[in-house]
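Dear colleague,

Please find the structure below, followed by a short account of what was found in it.

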Amino acid sequence: MNAELQADRASLVDTVRRFAESEIAPNVQAWDDAGEFPRALYARAAGLGLLGLGYPEEWGGTPASYSLKLPAWVALARHGKSGGVLASLFSHNIGLPPVVLHASDAVRREVVPPVLRGEKIAALAITEPGGGSDVAALRTTAQRDGGHYVVNGEKTFITSGMRADWITVAVRTGEGRGAGGVSMLLVPGDAPGISRTRLSKMGWLCSDTATLHFDDVRVPARYLLGEEGTGFRMIMGNFNGERIGLAAGALGFAQACLDEALAWARDRKTFGHALIEHQAVRHKLVDMQMRIASTEAWIEAVSAEGDALEAAGRFNAPEWVAQICMLKNHATQTMQFCADQAVQILGGMGFMRGTVSERIYREVKVMMIGGGAEEIMKELAAKQLGWP
């Protein structure tokens, strides 16, 4: 890594840390209790350039490599200490890339800059009730009617689903079933015929999550992304960014658990000694650090490889996709292990609302399922490696 990149990373991580420690962490419990965080947080994050990180300058963003972006995401998780905040605050990172890559210039100009300024919220709607990971089997339809598409169906588990101003929706424009009939359509959140149902969750309590209902929703045809029938490939490519982001977040949350457990072990006295003086506790902390170190090294390697492949025009190379799938599993398993060990070290306090480890313990499973469950990741990795 060259000196310029190192300096840029250090500066960005410091900015992110200060933002997370001042704007997010002190408020997380109150926001969890309220079931949402203030919409004004989007504008404050945008003012620091965080929402636009990695997006083209012409649309209001700041181009950035994975080697620059991922450490920022790790720091947001470690110091913000809330997956719920990050999931909704950065939901545009899964909703907006298909627009940037496949919309017309006019639509990009209309949609992208206000989102990156924190004025509008973007979301992605793929999953359907009963559909899960089987994207090719989706049943929400979009039928062409003159200058519009008419959308009918349902989407569920949609992050920012209650607030989203723009929703990138996977629809079926072709006949029958299968990947070939899947398209991507950008739907305005205020379009008549959309209704939203808030969902209650085990974790991510301050992130609004919804089921979306589309009842004869008329969407101007100019909001079709790319061509009809090309949506499945867009979705698969979009998953790569989501999964590597989840891995970075999982690393940050694992570090947050270690931070809390280590501080507790140093301060808490039992049988006349600090907890950290007991060998069993020290070994738990070492086991946590060992998994964190391996995850951090793997993320660095995958980031560097991704940057090199993108420069060579081989962004979705099979070997890199396989690495992302395996990394996502490894990172979330690290998060799971560290959350469990931290709660054990904190003892009764670890079971109490308001501790970082308790919150992250409840958020582990959504990280292991979202963006592709462990089982799907293993199968996809095997296929990308040529192991049928």
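**Helix α13**

In helix α13 (residues 374–384), the buried residues are Glu 374, Met 377, Ala 381 and Ala 382. They lie on the same side of α13 because they cover an arc of only 130° around the axis, the arc being that of the directions from the helix axis to the C-beta atoms. An α-helix has 3.6 residues a turn, so residues three or four places apart point the same way. The model is a predicted one: local features need pLDDT of at least 70 and side-chain atom pairs count only at pLDDT 80 or more, while totals for chains, interfaces and linings use all residues. Residues are numbered from 1 along each chain as its sequence is written, and side-chain values use heavy atoms, with hydrogens and water left out.

Buried means under 20% relative accessible area, exposed over 50%, and partly exposed in between (1.4 Å probe, protein chains only). Helices (H or I, at least four residues) and strands (E, at least two) are DSSP runs numbered from the N terminus. The face of α13 turned away from its buried side carries the exposed residues Glu 375 and Lys 383. The cover over the buried residues of α13 includes α9 (231–267), α11 (318–346) and α12 (356–369), where contact means heavy atoms within 4.5 Å. Gly 386, which follows α13, has a positive phi near 75°.

**Thr 209**

Thr 209 belongs to strand β7 (residues 209–220) and counts as buried because its relative accessibility is 7%. Leaving aside neighbours within four places in sequence, Thr 209 is in contact with residues including Phe 157, Ile 158 and Lys 201.

With kind regards
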